[in-house]
Every structure is written in structure tokens, then in C-alpha cells.
Amino acid sequence: MDSLRLRPSLLGARPGKAAPPALRRGHFLPAFCSIHRNGKGPHYLSRQRTQGPTFDHCQKFFGWKSTYHRIPHRPAASSADASGQPFHSGAEAHDSASIWKPISSSLDAFYRFSRPHTVIGTALSIVSVSLLAVESLSDVSPLFLTGLLEAVVAALFMNIYIVGLNQLFDIEIDKVNKPTLPLASGEYSPATGVALVSAFAAMSFGLGWVVGSWPLFLALSISFILGTAYSINLPFLRWKRFAVVAALCILAFRAVIVQLAFFLHIQTFVFRRPAVFFRPLIFATAFMTFFSVVIALFKDIPDIEGDRIFGIRSFSVRLGQKKVFWICVGLLEMAYCVAILMGATSACLWSRYATVAGHAILAAILWNRSQPLDLTNKTAITSFYMFIWKLFYAEYLLIPLVR
């Protein structure tokens with residue numbers, strides 16, 4: 001590098017004038033180095049007041065490309081730049097991150113504890129079935145929305161109680177099958193789990209009692225009894241140990257209670273109409289009976305290792321993963337065929353097209369997705385189980401269209 005052109009105002013003061021403000025404020029320059037100016041002899045610069053970082057060699061200074069960049073001095077406390085904007089210290093940023101990190105971790109642990117795929121399924125099913133009671137657009141009123149919100153919140157509280165209780169009594173099994181759950185991983189202590197499930201059960205019953213809807217309170221009570229009997233390890237209970245009884249518990253909740261009780265909550269308590277079990281409601285109950293059996297059977301396929309170790313005699317343990325997998329696929333395809341036939345007999349033209357096309361597409365997607373599945377790969381099986389839940393969600397989007 002032959003020369004470096006720098007503005008004199010940045011290098012030093014002219015004779016007879018005070019030093020420029022940049023240097024008075026403590027701009028840093030190498031302690032002693034020389035530069036060439038316009039091809040002339042060397043000019044020597046000295047640093048007298050420096051408060052920023054220093055360079056040991058002049059070459060580091062000459063490494064700057066074309067202009068002298070001013071790097072303001074930032075003390076430990078926050079200061080202000082030329083525009084008056086404050087600089088936030090690294091300590092403040094670190095404090096903010098350290099505060100947010102435990103909050104984020106707590107939210108993530110609770111998210112996993114609540115088993116979000118079941119929460120979404122419960123909320124979506126209640127909304128879908130409630131819409132079956134809507135006879136005209138005028139029914140979608142603040143009264144309807146309030147009643148729907150009360151039902152959804154109370155049911156979600158009960159859902160978290162049920163899945164949390166199951167985790168409390170499955171800690172050792174989940175260490176094998178689902179080690180990322182907060183009780184199995186040690187993020188939650190058993191005492192924390194007990195406090196959470198107790199609180200959510202109390203909030204669910206409390207909200208149901210305040211609302212005063214007997215269909216809603218009955219749904220919460222039956223769900224509580226079935227969920228407790230399914231998981232709790234007491235004589236004559238822990239029904240999950242028995243494959244048929246476990247399947248009936250899930251079927252009773254997903255296929256019967258959700259469809260009938262929450263429909264009656266909207267129909268009789270919110271709209272004050274007589275209970276009428278009409279065609280779409282019967283279809284929803286029958287279809288979800290098939291789907292609930294599939295969920296009850298399929299949920300044990302990824303968990304076969306832990307269930308076998310701890311003596312849980314699920315259908316997957318007794319019959320094998322492959323056989324149970326194809327039973328599930330066959331039951332769902334059968335349900336889709338029945339839905340297509342029922343949709344084709346609808347007197348409502350738009351309902352006929354929507355239900356036939358929708359169920360035909362879902363049946364094709366299911367068959368295509370099931371063909372290349374590696375049943376020896378637990379990750380692949382778990383992913384397919386989540387896909388089954390997505391089909392479950394999709395069905396509840398189609399049910400309100402059945403007329």
C-alpha cells in the first residue's frame with residue numbers, strides 16, 4: 001500500500017487551531033505509526049488520549065479499507081450516540097435473555113404435558129358438533145358463541161386432567177416409550193404433576209357448575225370417571241391394561257360423549273330447543289365410532305416396546321404391529337366408503353358434492369400414505385399416528401357439511 005488518503009480534520013489539528021472534537025473525545029489511533037500523505041514523506045501520528053481498544057501494530061490500522069471509521073466508545077453503562085439514541089449494554093440483553101429462557105422452557109414443558117394433538121382434537125370436535133345445531137345464520141349469535149366457548153374451555157381443562165393423570169401413572173413406561181414428556185424426563189416432579197391435574201380437574205368442574213348446563217356437566221363427569229379408571233393404578237381399575245376395555249373407554253369419550261352431550265348442550269341449554277337426533281348427528285356418531293376404534297388401536301403401535309416390558313396387553317402386543325396397522329387402515333377406508341355412500345344420498349346438492357369429494361380425497365391420501373411405511377421404524381410409525389390425528393381433524397371439518 002503506497003499511500004492512504006485521510007482527511008486532515010480526522011488526523012490532527014491545523015497549526016494554530018484547536019484539536020478537532022473527534023480527537024478531543026478520545027478517538028483511538030495507534031500509539032505511534034507513520035502514514036504517507038499524497039506520496040510525500042511520512043507523517044507521524046501519536047495517540048495522547050485514547051479510551052478505546054488499541055492496536056499493537058500499525059498494519060492493523062492500515063487494514064481499514066478506504067475511510068477512517070469512527071468507532072464510538074461504549075462504557076459498561078448505557079450511553080447515547082450522536083442522534084441521542086441510547087445504547088443498551090450487553091448485560092441488559094443478557095438479563096432479558098436469562099429472564100425469557102425459563103419462561104420459554106416452562107411453556108414448552110406444559111405444551112408437551114398437555115398432549116396438544118388431543119387438545120386440538122377435543123376443541124375441533126366440540127366446535128364441529130355444535131355447528132350441527134345451527135339451523136340458520138341468525139343462530140350464530142353472541143349467545144351461541146358464549147355457550148360454545150364455555151363448553152370448549154371446560155372440556156379442554158378436563159382433557160388436560162386426563163392426559164396428565166395418564167402420564168403420572170406411566171412415568172416408567174414413558175421413559176421407554178415417550179422420554180420427552182416432562183414427567184418422564186424429570187422436568188416435572190410427581191408433585192408438580194399432581195398439582196396440575198388436580199387444578200385442571202377442579203377448574204373444569206367449577207366452570208361446568210357455574211355454567212349450569214346439565215349436558216355439559218354430565219359430559220365432564222363421565223369423562224372424569226373414564227379417564228380416571230383408564231389410568232389410575234388401583235384394584236379393578238387401570239383399564240388400559242385390558243385392550244378391549246381401553247378401546248371402549250376411548251370410543252365412549254370420542255364417539256359418544258363428544259357427539260351427543262356437547263350437541264345437547266348447544267341444542268337444549270343454549271338454544272332452548274327440544275332434543276332431536278337427526279341425520280348429520282347420527283352420521284357423526286357412527287363415523288367417529290370407527291375413528292375412535294382406530295385411534296385406540298393405533299396409539300399402542302409406537303409404544304409396543306414399553307407396553308411389553310411393563311405387562312400392558314395391548315392389541316399391538318398380542319397381535320403384532322403389522323396386523324394392527326392394517327386393521328386400522330382397513331377400518332378407516334371402510335368408514336370413508338360408508339361416508340361417500342351416505343353423501344351420495346343427500347338431498348342437498350352442495351352437501352352431496354362436498355361430502356363425496358372430501359371423503360374420497362381423504363381415503364386416497366390415507367391409502368397412498370400407508371403403502372411405503374416402514375413398520376420397523378418407530379419414528380415413521382409415530383409420524384403416521386400424527387397423520388391419523390390430522391385425518392381426524394379433517395373429518396370434523398367435513399361433518400358440519402353433512403345435511
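Biologist: How many salt bridges does the structure hold?
Modeller: This is a predicted model, in which local features need pLDDT of at least 70 and side-chain atom pairs count only at pLDDT 80 or more, whereas totals for chains, interfaces and linings use all residues. Residues are numbered from 1 along each chain as its sequence is written, and side-chain values use heavy atoms, with hydrogens and water left out. With a salt bridge taken as a side-chain nitrogen of Lys or Arg within 4 Å of a carboxyl oxygen of Asp or Glu, the structure holds 9.

Biologist: Which residue is linked with Asp108 and Glu187 in a network of salt bridges?
Modeller: Asp108 pairs with Arg112 at 2.9 Å, N to O, and these two are 4 residues apart in helix α4 (residues 90–113), so about one helical turn separates them. Helices here are DSSP runs of H or I with at least four residues, numbered from the N terminus. Glu187 also forms a salt bridge with Arg112, with the closest N and O atoms 2.8 Å apart. The residue that is linked with both Asp108 and Glu187 in the network is therefore Arg112.

Biologist: Is Asp170, which meets Lys240 in a salt bridge, buried or exposed?
Modeller: The side chains of Asp170 and Lys240 meet at 2.3 Å, N to O. Asp170 lies in the loop between α6 (142–168) and α7 (171–177) and Lys240 in the loop between α10 (214–231) and α11 (243–270), so the pair ties together parts 70 residues apart in sequence. Buried means under 20% relative accessible area, exposed over 50%, and partly exposed in between, with a 1.4 Å probe and protein chains only. At 3% relative accessibility, Asp170 counts as buried.
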